[in-house]
Amino acid sequence: MLRRLLQPVWVLLAVIFLIEAWLWDHLEPIVAWFVAKIPLQAFKHWLAERVDTLSPAMTLIVFAVPVIPLFPLKLIGFWLLTHEYWLSAVTTIIFAKLLGVGVTAFVFDVTRPKLLEMGWFERLYEFILSVRAKAKALVDPIKRRILETLRGDRDRWTSRMLRLIQRFRKSVHEAR
């Protein structure tokens, strides 16, 4: 019973995790494009040379530092939210999120080899990759079922949805 109730929570967490992973995968090439357009390629080369001279622990600081300047931007977004500037708040928060993921992906690309020299960081990295694979395995069947349902006949979709809703209501009523 508890497992059945917690499954939507696990699916939601898996979806959120996969959205983060998707953003990471898709923003890194965009940041790489910006690096190619503006003179950040020289900065990336300079940063890579500096990281090579650092210890793995100091490299961890280099990896963490870009997140710090984005924190005030998120605070501004939440301030706008509390003062009911909805569009500005959502735009600021989304911009801070996308910028944070993009910059973190850029810096991680430079610092990864040095960070993976630390045993605990390598285990954490492999754990995150395994969680990503499990999340994908959990969400893929649901995503496939949704896509099949949306591609199907509209009338059949509606009646099927009504049956699912009725079954859900009945199970909730019986659980009381």
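Predicted model: local features only at pLDDT ≥ 70, side-chain atom pairs only at ≥ 80, totals over all residues.
Let me start with a contact between two helices: on the H3 side, Pro-56, Thr-59, Leu-60, Val-62 and Phe-63 meet Thr-104, Val-107, Phe-108, Thr-111, Lys-114 and Leu-115 on the H5 side. Sorted by class, the residues of this contact of H3 with H5 come out as 7 nonpolar, 3 polar and 1 charged.

As for the geometry, H3, which covers residues 56–64, packs with H5 at an angle of about 175°, and the axes of the two helices lie 9 Å apart. Because angles over 145 degrees count as roughly antiparallel, H3 is described as roughly antiparallel to H5.

Now to the other partner of H5 that I want to show. Helix H4, residues 70–82, and helix H5, residues 86–115, pack at an angle of about 160°, with 7 Å between their axes, and that angle therefore makes H4 roughly antiparallel to H5 as well. The crossing in which H4 passes H5 is left-handed. In H4, the residues that take part are Leu-70, Leu-73, Lys-74, Ile-76, Gly-77, Phe-78, Leu-80 and Leu-81, and in H5 they meet a set that includes Trp-86, Ala-89, Ile-93, Phe-95 and Leu-99. By class, the contact of H4 with H5 is made up of 12 nonpolar, 4 polar and 1 charged residues.

That brings me to the second largest pocket, which holds about 630 Å³ of space. Its lining consists of 22 residues, and those nearest the centre of the pocket are Trp-24, Phe-63, Thr-104, Phe-108 and Ile-128.

Which helix gives the most to the lining of the second largest pocket? H5 does, with 7 residues, while H1 (2–37), H4, H5 and H6 (119–151) each supply at least two residues of that lining. In terms of class, the lining of the second largest pocket contains 14 nonpolar, 2 polar and 6 charged residues.

To close, H5 runs through each part of this talk: H5 packs with H3, H5 packs with H4, and H5 contributes the most to the lining of the second largest pocket.

Definitions and conventions: Residues numbered from 1 in each chain as written. Heavy atoms only, no water. Axes fitted to C-alpha atoms, helices over the stretch in contact; angles between N-to-C directions. Helix = DSSP H or I, 4+ residues; strand = E, 2+ residues; numbered from the N terminus. Parallel < 35°, antiparallel > 145°, perpendicular 65-115°, else oblique. Left-handed = near helix turned anticlockwise from the far one by under 90°. Contact = heavy atoms within 4.5 Å. Nonpolar A, V, L, I, M, F, W, Y, C, P; charged D, E, K, R; others polar. 1 Å grid on protein atoms, 1.4 Å probe; cavity = no way out; pocket = protein on both sides within 12 Å on 5 of 7 lines; lining within 4 Å. Points joined across faces, edges and corners; volume = space filled by probe spheres on them.
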